[in-house]
Amino acid sequence: MNKCYSCGADIQVIKDKPYNYTECGLDVVLHGITQYACPSCGEEYASIPNMQKLHRLIGAYICQKRKALLKPAEIKFLRKDLHLKAKELAVLLGVTTSTISRWENGKKEIGEAHDRLLRSIYMMYASEQANHMVCGGVLNMFKELPTKRKKIAQSEKIDLNPQEWLNCLPDCCPA
Ligand SMILES: [Zn+2]
């Protein structure tokens, strides 16, 4: 029997329940994740395998979304997965740190040019890390973007299960 790490009571194991991965800051739902719930203190947690690959898959998914410019939470997610501070990303994109903050808190829109630049930096980084392309190719990704995109689109839910991030990406990192 598993014990609650918080209070030491016997903990309940939950399988087959979708897990809202709110910790990533986006609307991501994981399927097939083992979750634990403590009936005594209410503590809940999930066991997520290979978070690095999961984050890479979410990042690639964000970069390949075509309908809208990157949203604040998406910009923040990509920056964090690039392991960059706002100040460091600002240098890469040729903008000020406060511009990055305003993109991330929704006070300013990223704009077409910077949206495309951030996506390509992320995808190049991901490819470099994986030593392999993680999408159908950077050129195809940009070819299919409409010239004028809507500002902020409705949030789109991302549904993932472990097979997708454990099997779809090459061995970029030890499991
Ligand atoms: Zn507990």
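1. Helices α3 and α5 are roughly perpendicular to each other. Here is the reasoning: their axes cross at roughly 110°, and angles from 65 to 115 degrees count as roughly perpendicular. The two axes come within 11 Å. Keep in mind that this is a predicted model.

2. Which residues make the contact between α3 and α5? From α3 come Leu-89, Leu-92 and Leu-93. From α5 come His-114, Leu-117, Leu-118 and Ile-121. By class, that gives six nonpolar residues, one polar and no charged ones. To find the helices in the structure, look at residues 86–93 for α3 and residues 112–130 for α5.

3. Now take helix α4, residues 97–104. Its buried residues are Thr-99, Ile-100, Trp-103 and Glu-104. Viewed down the helix axis, they fall within an arc of 135°, so they line one face of α4. What do these buried residues pack against? They pack against α2 (72–81), α3 and α5.

4. Look just past the end of α4. Gly-106 has a positive phi there, about 80°.

5. Next, the strands. Three of them form an open sheet in the order β1-β4-β5, and the pairing is antiparallel. Strands of a sheet pair through backbone hydrogen bonds. The edge strands are β1 (12–14) and β5 (44–47), each pairing on one side only. From one strand to the next, the twist averages 25°.

6. Zoom in on β1 and β4. Strand β4 covers residues 34–37, and its antiparallel pairing with β1 runs over three bridges. Within β4, Gln-35 stands opposite Ile-14.

Definitions and conventions. Residues numbered from 1 in each chain as written. Predicted model: local features only at pLDDT ≥ 70, side-chain atom pairs only at ≥ 80, totals over all residues. Heavy atoms only, no water. Axes fitted to C-alpha atoms, helices over the stretch in contact; angles between N-to-C directions. Helix = DSSP H or I, 4+ residues; strand = E, 2+ residues; numbered from the N terminus. Parallel < 35°, antiparallel > 145°, perpendicular 65-115°, else oblique. Contact = heavy atoms within 4.5 Å. Nonpolar A, V, L, I, M, F, W, Y, C, P; charged D, E, K, R; others polar. Buried < 20%, exposed > 50% of the residue type's maximum accessible area, 1.4 Å probe, protein only. Arc of directions from axis to C-beta. Pairing = 2+ DSSP bridges.
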